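Biologist: Could you take me through some side-chain contacts in this one? I'd like to start with the charged residues and then move to the rings.

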Amino acid sequence: MAQDVAVLDFGSGKITVVIGERGANNTINIKGIGEAEYAGFMDGQFLEPEHLAMAVGHAITKAETNSHSRIKHMYVGVPGEFSATICKSLSISLGRRRKVTDADVDLLHTQGEDDFRDSPDYKLINVQPIYYTLDSDQKIIRPEGIFASKLGGLVSYVLAESRFIAEVNSIMQKLDIETSDYISAPLAQVLFLFDGAMRDQYVLLVDVGHITTSITLARGDGMLAQYNFSMGGGHITGDLATSLGINFAKAESLKRKVELTLTATDSDVYEIQPTKGQVEWFPAKFVNEAVTHRIDIIAKMINKCINKCEYEFPEYIPYHLTGGGLCYLKGGRDILAHSLEKPVTIAASKIPQLDRPHLSGVLGLMDMILKQTSDTKKGFLARILGK
């Protein structure tokens, strides 16, 4: 019988809680979903932290009401801004030439964990392989069952900030959630959105949210590097509000009208009509230029992050765009691709009715946790949750 799980995703403008189970054909059956807008986070800090517990509580209550169930155990996605990724090259001797076992793989992973065990600032939450090597040093993905006398590899360790965990634990306790486990949200996204064959060739995922952007370079089953900066779709709205002298709500409505694929003339306008109020018109050429300018800035920030990366990856791989900050802006992807001088594709779930880029984070978390129900071997879950 399928088992329900509950996951919590901290977006940069919205908190989402989903209750679900594994459906037919490896799909995800959503039983309940709850969302709550909140101030979000910037530069690794929650904005208006005094309202955070209330927002989490609202999202949980909505999900429970929709699913007619009670959440007892919560899996929490850790945003990139509250985590760090460190990769280590490791090697162990097997003593003699024999088959590599799950225990050997676990031992290799454990060898790299010692540096993190006593850290007061971080907690290890995920351990994933980039690749393994055997006697010939050829890179492979699954070493179990292959004969060798040594086992090595590049292993990715994801660390969550202790203060983030302490803050969320305190909220869960107040809400009478018995236990909670923590998972890297960027890692879950990558494993969910891209199959193993694609990941083996490197994947670069750019998640542009409301006020933050997360960049993940991944290979194999792990992340090589992740970068974050505090800028997203909300900054486009802010630019429009400031330059046109309108409130944020009107600016958001205007942004949703923008079509960057069209060449606007001086006579073209965008029309919006507030719920209460008269129709207003805004110069399309000016609006498009303002939006394009902010996307150019986001592209420069993306390049700045990638240029810091110590890992080389093929020039030809596309950049995959997800999240709600740019994906729904008509022509936004094209402008970003032009500014980056790279091909950009939209990355979203392939599950019918759930194929929306802004859901890729919470669905990735759900998919990662549901995998435990189809594989009860300790080695699998231990490596997923870093235990």
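Biologist: Is Asp4 buried, exposed or partly exposed?
Modeller: In this predicted model, Asp4 has a relative accessibility of 35%, so Asp4 counts as partly exposed.

Biologist: And what does Lys31 form with Asp4?
Modeller: Lys31 forms a salt bridge with Asp4, in which the closest N and O atoms are 3.1 Å apart. The two residues come from distant parts of the chain, with Lys31 in strand β3 (residues 28-37) and Asp4 in the segment before β1, 27 residues apart. Lys31 is partly exposed, and its relative accessible area is 35%.

Biologist: OK, Asp221 next. Which side chain does Asp221 meet in a salt bridge?
Modeller: The side chain of Asp221 meets that of Arg142, at 2.9 Å from N to O.

Biologist: Which residues do salt bridges with shared partners join into one network?
Modeller: One such network is made up of Asp4, Glu21 and Lys31.

Biologist: And how many salt bridges does the count come to?
Modeller: The count comes to 24 salt bridges.

Biologist: Switching to rings, then. How many aromatic pairs are there?
Modeller: There are 10 aromatic pairs by the rule used here. One of them is Phe10 with Phe46, whose ring centres are 5.5 Å apart and whose planes lie at 55 degrees, so the pair is tilted. Phe10 belongs to strand β1 (residues 5-10) and Phe46 to strand β5 (residues 45-46), so the contact ties together parts that are 36 residues apart in sequence.

Biologist: Are those two buried or exposed?
Modeller: Phe10 and Phe46 are both buried, and for Phe10 the assignment follows from a relative accessibility of 5%.

Biologist: What sort of aromatic pair do Phe10 and Phe164 form?
Modeller: Phe10 and Phe164 form an edge-to-face pair, with 5.7 Å from centre to centre and 75 degrees between the planes. Phe164 lies in helix α3 (residues 162-174) while Phe10 lies in strand β1, so this pair ties together parts that are 154 residues apart in sequence. Phe164 counts as buried, with a relative accessibility of 1%.

Biologist: Which residues form the aromatic cluster?
Modeller: Phe10, Phe46 and Phe164 belong to one aromatic cluster together with Tyr38, Phe41, Phe82 and Tyr182.

Biologist: Last one: which ring does the charged end of Lys139 sit over?
Modeller: The charged end of Lys139 sits over the ring of Tyr131, at 5.0 Å from the centre of that ring.

Key
Residues numbered from 1 in each chain as written. Predicted model: local features only at pLDDT ≥ 70, side-chain atom pairs only at ≥ 80, totals over all residues. Heavy atoms only, no water. Phe/Tyr/Trp six-rings, centres within 6.5 Å; stacked < 30°, edge-to-face > 60°. Helix = DSSP H or I, 4+ residues; strand = E, 2+ residues; numbered from the N terminus. Buried < 20%, exposed > 50% of the residue type's maximum accessible area, 1.4 Å probe, protein only. Lys NZ or Arg CZ within 6 Å of the ring centre and 35° of its normal. Salt bridge = Lys/Arg side-chain N within 4 Å of Asp/Glu carboxyl O.
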